[in-house]
Amino acid sequence: MTLIIKNLSYTYPNHKKPTISEVHVTVKKGEFISLIGKSGSGKSTLLKLITGILYQDAGDIKLNDRSITLGDVGYMPQQDLLLPWRTVLENIMLPVEIQKNSHLTREEVRKWLERAGLAGYEQAYPNQLSGGMRQRVSFLRAMITGKDLLLLDEPFGALDSFTKKEMQTWLLSIWRDSKKTIFFITHDLEEACYLSDRILLLKPDHPMEEIVVGLPRPRPSDIVYTSKLVELRHKLEKKMTDEKP
Ligand SMILES: Nc1ncnc2c1ncn2[C@@H]1O[C@H](COP(=O)(O)OP(=O)(O)OP(=O)(O)O)[C@@H](O)[C@H]1O
């Protein structure tokens with residue numbers, strides 16, 4: 001899997017200035033990429049362009065040398081969008097039902113639920129779950145599409161810091177075992193440093209910047225207290241607020 005984004009620009013119909021301007025990125029199989037930037041800098045817009053929900057004004061997005069189209073990637077939007085009238089299992093099976101050609105069985109999905117700490121909740125409804133559990137259901141639904149590239153729009157933004165830590169460790173273990181490629185939006189700079197191989201910084205009226213994290217893997221969760229990670233976080237903060245790094 002290779003994703004190549006070249007010279008990408010997009011302006012919303014009612015806007016004067018482009019939200020995404022001349023973005024270039026190459027992503028290789030198995031990379032974990034985070035996208036950071038202040039609110040309104042265009043992170044969700046970039047993800048929607050990669051999913052094919054929006055279509056660019058200029059430039060191109062190629063997945064394995066083919067222009068990307070809707071349905072090529074797994075996408076977890078900012079709101080979990082679980083259907084309240086469907087059980088956990090039925091929510092997760094939704095893309096399988098829509099794709100029809102998927103061979104994933106209910107039994108295999110049950111195994112994934114176990115891995116996500118949701119065993120016994122197959123028949124529960126979304127309103128009977130905690131925030132972290134809903135996020136895991138929503139993540140599994142994106143994962144189960146079988147796509148190599150997963151786009152996650154701020155999946156842990158609404159969680160308390162302890163649940164968030166658990167979810168990060170969980171996500172890293174799934175990512176390591178599944179060898180998926182992940183594009184991850186976050187406002188949390190510590191989270192970006194902890195999880196990623198590379199961080200992309202979007203800033204209005206500036207070219208997109210790329211920061212290589214360079215921390216060894218596997219990463220224990222207390223790596224966030226090491227001077228290397230703290231320095232990196234500080235550097236990102238300065239870049240975001242326009243101070244000289
Ligand atoms: N459907 C839309 N129509 C018009 N403008 C939009 C639409 N969606 C987003 N925008 C505008 O595009 C800009 C970028 O929005 P986007 O949601 O991509 O930013 P973001 O960096 O993801 O923000 P946040 O961190 O708050 O989620 C904002 O100015 C926003 O108002």
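What classes of residue make up the shell around the ligand? One is nonpolar, nine are polar and one is charged. Keep in mind that this is a predicted model.

Now the names. Tyr12, Asn14 and Thr19 are part of the surroundings of the ligand. Gly37 is there too.

Next, the chain as a whole. The secondary structure comes to seven helices and ten strands. The C-alpha trace spans about 50 × 40 × 30 Å along its principal axes. How does the radius of gyration compare with that of a compact globule? For 245 residues, such a globule would have a value near 18 Å, and the chain has 18 Å, so the two agree.

Take the contacts with a separation of 6 or more. Of these, 66% join residues 24 or more positions apart.

Now the domains. The assignment gives two entries. Domain 1 is made of 2–73 and 147–240. Domain 2 covers 81–146. Their C-alpha centres are 24 Å apart.

How many residues meet between the domains? Eight residues of domain 1 contact eight residues of domain 2. On the domain 1 side, six of the touching residues are nonpolar, one is polar and one is charged.

That is my part. Over to you for discussion.

Methods: Residues numbered from 1 in each chain as written. Predicted model: local features only at pLDDT ≥ 70, side-chain atom pairs only at ≥ 80, totals over all residues. Near = placed C-beta within 6 Å. Nonpolar A, V, L, I, M, F, W, Y, C, P; charged D, E, K, R; others polar. Helix = DSSP H or I, 4+ residues; strand = E, 2+ residues; numbered from the N terminus. Rg over C-alpha atoms; globule rule 2.2 N^0.38 Å. Contact = placed C-beta atoms within 7 Å. Domains from an automatic or database assignment.
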